[in-house]
Amino acid sequence: MSTANRGVVYKGPGQVAVESIPYPELALGNRKCQHGVILKVVTTNICGSDQHMVRGRTTAPEGLVLGHEITGIVIETGRDVEFLKPGDMVSVPFNIACGRCRNCKEGQTGICLNVNPARPGAAYGYVDMGGWVGGQTDYVMVPYADFNLLKFPDADQAMEKIRDLTLLSDIFPTGFHGCVTAGVGPGSTVYVAGAGPVGLAAAVSAQLLGAACVIVGDMIEERLAQARSFGCETIDLTQDGDMADKIEVILGEREVDAFVDCVGFEAHACGCNHGKEAPAAVLNSAMSLTRAGGQIGIPGLYVTEDPGAADEAAKQGSLSMRFGQGWAKSHSFHTGQCPVMKYHRPLMQAILFDKVKIADAVNVQMITLDDAPKGYADFDGGAAKKFVMDPHGSVAA
């Protein structure tokens, strides 16, 4: 068995590099991790959340091995792993969860209490999320494997649909979770803020949930065209004009039933001020544009510290929200990381039975691990693509 390993390493703001890193061990510090497995990574994706770190908008340390969207093949198991074996092909939820704590037992795997000494919740290769080695690598270790991993029924079938199935680790469940928590259902009218990969995943999730009309807003025409390619209405946020007026042109009404924020803390103002950062812009729009009694799902990332923010309050995660408007309209807000395990099995079934074409919706582009720095640069330029890395060169582009 090869002990060589490579990974995408954060080198400082605007810089990543593919470097040799240690081969993973079944260990947690100085003790054996008998409940873990080692995976040969089949695909690993670049996430918009990774870009926040690479832009220098978090406190991520240099040297962090990136990557939390992992699909792989089991090549080694710990003594206590009972239901997985070498050769199994699996999807790895980006949430690391013990399966034993109160939150895990309630299905709140995004805020496991035992896998991060600093705060609830952990993830691979992410700032303040427990120090776990990321999976933009050739090989990676996954703890609590029996609980965390989703085994695909047939490895050959999974390889045929890998462009879709690779999205089960984060982006597809995250977009779906945003819609579920926004109350999307049959006949809903939905506004999705942001046409990046998560926004596009949310838009196709809203359709899967039976929405009557899905409106997507963004500032990049290429992304809006991608949303239109699978039947969404779109709004160009660089154009001046009142948002409620624009929604009324589409719906005949000035508000939507459900609002999904897929932008997060690097939001910008709209119209003539679209070049100016305004971190609470989407949240305030959500309260303005959602009907009284409606729900707002917020899968977009908001951080506790933003060293690159324009003002001192935002650097501490304090945003200027008109919260009274949301209170007056009896809005429900749902925030936080998606508990991937709540959704990944049914979404896998939707993919395997051809009920959804998620890879087409988010425009998956396959690249090699060596091309990761270019993939990060292209993604940061606003490309309407979801970049998926194939570390071993075994997946057809």
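Colleague: Are Phe 379 and Phe 387 buried or exposed?
Modeller: This is a predicted model, where local features need pLDDT of at least 70, side-chain atom pairs count only at pLDDT 80 or more, and totals for chains, interfaces and linings use all residues. Residues are numbered from 1 along each chain as its sequence is written, and side-chain values use heavy atoms, leaving out hydrogens and water. Buried means under 20% relative accessible area, exposed over 50%, and partly exposed in between (1.4 Å probe, protein chains only). By that scale, both Phe 379 and Phe 387 are buried.

Colleague: How many aromatic pairs does the structure hold?
Modeller: Rings of Phe, Tyr and Trp (its six-membered ring) pair if their centres lie within 6.5 Å; planes under 30 degrees apart count as stacked, over 60 as edge-to-face and the rest as tilted. With that cut-off, the number of aromatic pairs is five.

Colleague: How are the rings of Phe 323 and Phe 333 arranged?
Modeller: Their centres are 5.6 Å apart and their planes at 35°. That angle is why the pair of Phe 323 and Phe 333 is tilted.

Colleague: Which parts does this pair tie together?
Modeller: Helices (H or I, at least four residues) and strands (E, at least two) are DSSP runs, numbered from the N terminus. The parts are 10 residues apart in sequence, because Phe 323 lies in helix α12 and Phe 333 in strand β15 (residues 332-334).

Colleague: And is Trp 327 buried or exposed?
Modeller: Trp 327 lies in helix α12, residues 323-328. Its relative accessible area is 68%, so Trp 327 is exposed.
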